[in-house]
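Open the model in your viewer and keep the selection tool at hand. The stops below say what to select and what to look for.

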Amino acid sequence: MALNPDVERGKNREKDDVEEPLLQKCRIEGGSSSKTGSLGFVLLSTFVAVCGSYEFGSCVGYSAPAQAAIRDDLHLSLAEYSLFGSILTVGAMIGSIMSGHISDFMGRKGAMRISAAFSITGWLAVYFSKGVLSLDIGRFLTGYGIGVFSYVVPVFIAEIAPKDLRGGLAALNQLMIVIGASSSFIIGTVVTWRTLALIGIIPCLVLLLGLFLIPESPRWLAKAGHQKEFEIALQTLRGKNTDISCEAAEIQGYGILNEWVPILVLAGVLVYGVSFSIGMGAVPWVIMSEIFPINVKGTAGSLVTLVHWLCAWAVSYTFNFLMSWSSSGITAISLDMERDVKRGKDDEMENGCDEEDKVLFSSALSLQCLDLMTSAPP
């Protein structure tokens, strides 16, 4: 007996649904599920996390407005203050080496708590400093704290954010770093250096309190084997009425990759990290938090962050010595170049350019060099 064509089509459709891979089905049917969920916890979690980014900027920007007052009050030499300014990055390098292992062992929230504790201790040491030793110890501790922050904050944001908002929310990390540094420059002109150190504690306190209100990263919970907590955290971030089964399956299946891919990815991201000084601020951190498999993310992320802080240390330590060597800086280089042009030492410029071209060329060189020297103040 022939079956009704509608019944046959229904059976075939049901068979196809059973045979279709779960992740592929999720991409088709569950692509917009996050849009219907509540974003309140995602935004709150991001706000709490970027308090660490603001702290990062505050620490980096502290030494510039406080330089004259600290040197006068504590009678520091130029070399001693240069060490104080640059030892922040030494602490950050050590923090970056350990950041991946800390966040893998204690979770993203645990790593941020440790970062905040080190930063608060460091600021208090700076505030109560009577000599160069306690000043440097405090600066080193804040550096260790922001070294961990520089890894765990963008990773945490990327792991909690829905795909359609991940880029925008991750960019807040870089924005808050700049805001924190700018705030230190501005506030430091109207308050004492000890008061500015106390102000640096405020973002850490906000972060510590906020961590009690937000869930842990679902991806870390899945990696650590906390299945129940993983589902609760993901449901909280996506909204109680949102179907999270597809995203949960995708997260749990994320680590199935070819063993050579992480090595190639690590090499690529390290190149991006070294290229930070030419303007790549937020992009490397977003890439790092997305492309590494969860089982190597801690180690690989630590290596990337270490390269960043190693370069920052070299710039911040030598800055004051370069300014002392030539306070006129690039202006002297520009004048020397103009004298060379007038004396005929550059035949190509003499034969192929008029005076207006020479001035434009000299000005362009001056601006380029000025950008390089001011890209990472102490």
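A residue counts as buried when its relative accessible area is under 20%, and as exposed when that area is over 50%, with partly exposed in between. By that cut-off F84 is buried, at 0% relative accessibility. Keep in mind that this is a predicted model.

Select F84 together with Y81. The structure holds six aromatic pairs. Y81 and F84 form one of them, a tilted pair with 5.3 Å from centre to centre and 50° between the planes. Both residues belong to helix α5, which runs over residues 78–127, and they are three residues apart, about one helical turn. In an α-helix there are 3.6 residues a turn, so residues three or four places apart point the same way. Y81 is buried too, with a relative accessible area of 2%.

The arginine lies over the face of the F84 ring, 5.2 Å from the ring centre.

Next, select F118 and Y144. What kind of aromatic pair do F118 and Y144 form? The pair is tilted, with 4.5 Å between the centres and 45° between the planes. It links distant parts of the chain: F118 is in helix α5 and Y144 is in helix α6 (residues 132–160), 26 residues apart. F118 is partly exposed, at 30% relative accessible area, whereas Y144 is buried, at 8%.

Now select R113 and F212. R113 lies over the face of F212, at 5.5 Å from the ring centre.

Move on to helix α11, residues 227–238. Its 12 residues reach 17 Å from the first C-alpha to the last, close to the 16 Å expected at 1.5 Å a residue. Colour F230, A233, L234, L237 and R238, which are buried. Seen down the axis of α11, the buried residues fall within an arc of 120°, so they line one face of the helix. Just after α11, select G239, which takes a positive phi of about 105°.

For the last stop, turn to the record. An unreviewed UniProt entry places the feature "transmembrane region" at several spans, including residues 110–128 and 170–190. Select residues 110–128: the span is 95% helix and 0% strand, and its end C-alpha atoms lie 27 Å apart. Then select residues 170–190, where the chain is 86% helix and 0% strand, with 32 Å between the end C-alpha atoms.

Conventions: Residues are numbered from 1 along each chain as its sequence is written. This is a predicted model: local features need pLDDT of at least 70, side-chain atom pairs count only at pLDDT 80 or more; totals for chains, interfaces and linings use all residues. Side-chain values use heavy atoms; hydrogens and water are left out. Helices (H or I, at least four residues) and strands (E, at least two) are DSSP runs, numbered from the N terminus. The expected span of a helix is 1.5 Å times one less than its number of residues. Buried means under 20% relative accessible area, exposed over 50%, partly exposed in between (1.4 Å probe, protein chains only). The arc is that of the directions from the helix axis to the C-beta atoms. Rings of Phe, Tyr and Trp (its six-membered ring) pair if their centres lie within 6.5 Å; planes under 30 degrees apart count as stacked, over 60 as edge-to-face and the rest as tilted. A charge sits over a ring if NZ of Lys or CZ of Arg is within 6 Å of the ring centre and within 35 degrees of the ring normal. UniProt positions are given in the numbering used here, feature names are shortened, and annotations may be inferred rather than shown by experiment.
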